[in-house]
Amino acid sequence: MNEQNTNQNAFGMIGLGTMGSNLLQNIADHGYNCAGYDNSKQKVDALNNLGSENIKGYSTLKEFTDSLKSPKIVMMLVPAGEIVDSVIKDLLTVLEKGDIIIDGGNSHFTDTEQRFIDLEGKGYHFVGMGVSGGEEGARRGSSMMPGGDEEAYEHLKPILEKIAAHVNGEPTVAFMGERSAGHFVKMVHNGIEYAIMQLISETYEIMKKGLKMDNEEIHQVYKKWNEGRLKSYLLEITTDIFAYKNEGEKTLLLDEIRDAAKAKGTGKWTSQAAMDLHIPTPIIDIAVSMRNLSSLKDLRVEASKIYSDSTEINYKTNNEDYCNKLEDAFYFAMVSAYAQGMHLLYQANIEFDYKVNLDTIAKIWRGGCIIRSEFLEDIYFAFNKNPKLQHLLLDNEVAKSLTETLPGIRAIVSDAALHGISTPAFSSSVSYFDNFRNENMPTNLVQAQRDYFGSHTYELKGKEGVFHTKWMMENIKE
């Protein structure tokens, strides 16, 4: 690292949108002098007009970097992709070897991998850091997932630990691992986020269409769930959504929102990475697909005219009792979503040699991030107890909880199918479970088929080697 110079600013931020500005204010609140840069004069002026003695906005990159102590710490919060490379290129004209560059956006881990290699070769320290918690998290305490250069992280650690959220007195930030580990962990975090959001939307569909519950009744269910074992940030905000009305309006804002969801790509990246690593993540996969399907609004409207329901959906059940089953189903599927994400991280650790600890990931996800929940304590305990645990569903305590809630999800999925209500994430979670515990899957038939039409060979039970058969029909006797 470079020797300290006489300049005052300990931290620099490029990108002064809401996230960048809030993060700088958080750092300043903890006694650090900060600098901000943006090519928008309006955003620079807004930063300077905050009235903080510890924050100074700059309109030129050279003035911005000249104001920083050495080693200079510069964090980027700009859109992923080519813009990141463009900013890095500009930074290299004003930084010195030994300075630290942090990418705090949602960059694809393969891009981070290449940037780390390139910058390391040029003598710069590079940290790819996932940041979760949204605007409020940036301002009051987020969960941060830095990876890449551990020497640089040790220099950043005092600042990051102060601005992170804290759970049981512990900061929700830790070094994730080498090279692109930080952005890979953040990507999987977002994939799990997709899955849990899809699961919550399916509980909404069941309560609204199946049980004919009104918004206030649904609100009370989510409120109750969030006071128990399902307590989580996503259920907390869902509870708030079911109580929000614009001023002067009689109906919920939710009822006015168009049912076409958008996505920024991290869920898709998670599914793609999982497929590349041969790790099944069906709940995440289906959550991504359902967002894509939701965007086909015009096609869905046309299809609804052709395939209209011939009978009224009527569950004919006690709603309170049924919502208890639904709670069991949600718990079961939520556990499966986390388990699939953690399994992907386990395999990535092997494939990419990140040297990441799964219990550390669960530990920093307990607070500050979007997928924080009570259940993350159980995940932390499981991997802390057994660092070599390959899959969360193999933990005895988790297995006990799943066994207790299994009847609930079976009832929910079967009833939904019977009544024509779509529950793809719930369905995939129970199907994943049934095959995960299936000692003999029917894929021996798939292997025979592959060998028949493509000579792809197969293996035999209790016999070493690979085999091929000429499966022509004349060789098969009736």
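**View 1. Salt bridge between Asp259 and Arg300.** In this predicted model, Asp259 and Arg300 form a salt bridge with the closest N and O atoms 3.0 Å apart; a salt bridge is a side-chain nitrogen of Lys or Arg within 4 Å of a carboxyl oxygen of Asp or Glu. Asp259 lies in the loop between H10 and H11 and Arg300 in helix H13 (residues 297-306), so the pair ties together parts that are 41 residues apart in sequence. Helices (H or I, at least four residues) and strands (E, at least two) are DSSP runs, numbered from the N terminus. Asp259 is partly exposed at 38% relative accessible area, and Arg300 is partly exposed at 26%. Buried means under 20% relative accessible area, exposed over 50%, and partly exposed in between (1.4 Å probe, protein chains only).

View 2. The side chains of Lys41 and Asp45 meet in a salt bridge of 2.8 Å, N to O. Both residues lie in helix H2, four residues apart, about one turn of the helix. Lys41 is exposed, with a relative accessible area of 56%, whereas Asp45 is partly exposed at 29%.

View 3. Arg140 and Glu136 form a salt bridge, with 3.9 Å between the closest N and O atoms. The two are four residues apart in helix H6 (residues 134-140), which separates them by about one helical turn. Arg140 is exposed at 58% relative accessible area, and Glu136 is exposed at 53%.

View 4. Strand E1 (residues 11-14) runs parallel to E2, joined by four bridges; two strands pair if DSSP finds at least two bridges between them. Gly12 stands opposite Ala35 in E2. E1, helix H1 (residues 18-29) and E2 make a right-handed β-α-β unit; a crossover is right-handed if, with the strands pointing away from the viewer, the path from the first strand over the helix to the second runs clockwise. E2 also pairs with strand E3 (residues 55-58) in the parallel sense over four bridges, and Ala35 stands opposite Lys56 in E3. From E2 the chain crosses through helix H2 (residues 41-48) to E3, in a right-handed β-α-β crossover. In strand E2 (residues 34-37), Cys34 and Gly36 point one way and Ala35 and Tyr37 the other, and all are buried.

**Notes.** Residues are numbered from 1 along each chain as its sequence is written, and side-chain values use heavy atoms, with hydrogens and water left out. In this predicted model, local features need pLDDT of at least 70 and side-chain atom pairs count only at pLDDT 80 or more, while totals for chains, interfaces and linings use all residues.
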